[in-house]
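The tour below goes from one selection to the next and says what is found at each stop.

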Amino acid sequence: MIHAHPDSSTRYEMLGERLARLRQARGLSKTDIADRLGVTVTSICYWEQGRSRPRLARLHTLAELLGTTPTELLSRDSAPGNDHLSDLVTRMRAEIAHAAGTTPSKVRITIEM
């Protein structure tokens with residue numbers, strides 16, 4: 001299930017949904033992931049159903065298998081298929097605009113690195 005943000009029409013993906021989507025996109029079965037991580041298939045099922053979460057000790061290997069980073073896997077409410085930073089800026093622009101009573105097109109966000 002992909003959830004909608006209460007203040008916008010953007011849909012967000014939970015960890016279990018993200019795991020299932022990335023696993024399927026890589027052509028990996030639950031058994032493939034379980035074997036490589038040294039866990040049971042039941043564990044993978046529970047992670048994808050949102051009934052439990054992977055332990056941090058396995059997160060790096062899981063992220064590598066799925067072609068992402070541990071940070072991206074665990075990032076809260078990330079939109080499926082989008083670059084995380086770009087999505088974050090878009091979401092924050094919408095939230096700031098809502099709080100300020102204006103439109104997102106009038107909100108400018110500057111990131112100094």
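**First stop: helix 1**

Select helix 1 and look at Leu15, Gly16, Glu17, Arg18, Leu19, Ala20, Leu22 and Arg23, which are buried (under 20% relative accessible area; exposed is over 50%, partly exposed in between, with a 1.4 Å probe and protein chains only). Helix 1 spans residues 15–25, and eight of its eleven residues are buried. Helices here are DSSP runs of H or I with at least four residues, and strands are E runs of at least two, numbered from the N terminus. After helix 1 comes Gly27, with a positive phi near 70 degrees.

This is a predicted model: local features need pLDDT of at least 70 and side-chain atom pairs pLDDT 80 or more, while totals for chains, interfaces and linings use all residues. Residues are numbered from 1 along each chain as its sequence is written, and side-chain values use heavy atoms, leaving out hydrogens and water.

**Salt bridges**

Next, select Arg23, Lys30 and Glu48, which are linked in a network of salt bridges (a side-chain nitrogen of Lys or Arg within 4 Å of a carboxyl oxygen of Asp or Glu). Glu48 and Arg23 meet at 2.6 Å, N to O. This pair joins helix 3 to helix 1, across 25 residues of chain. Lys30 and Glu48 meet at 3.9 Å, N to O; here helix 2 is linked to helix 3, 18 residues apart. Arg23 counts as buried because its relative accessibility is 7%, and Glu48 is buried at 17%. Lys30, at 29%, is partly exposed.

**The nonpolar core**

Now select Ile33, Leu37, Leu62 and Leu73. Of the 16 residues in the largest nonpolar core, these four touch the most other members. Such a core is a set of buried Ala, Val, Leu, Ile, Met, Phe, Trp, Tyr and Cys residues joined through side-chain atoms within 4.5 Å. Helix 1, helix 2 (30–37), helix 3 (41–49) and helix 4 (56–66) each give two or more residues to this core; helix 4 gives the most, with five. Beyond its neighbours within four places in sequence, Ile33 is in contact with Arg23, Leu28, Ile44, Leu62, Leu65 and Leu66 (contact means heavy atoms within 4.5 Å).

**Last stop: Val41**

Finally, select Val41 in helix 3. Is Val41 buried or partly exposed? At 34% relative accessibility, Val41 is partly exposed. Leaving aside neighbours within four places in sequence, Val41 is in contact with Lys30, Thr31 and Ala34.
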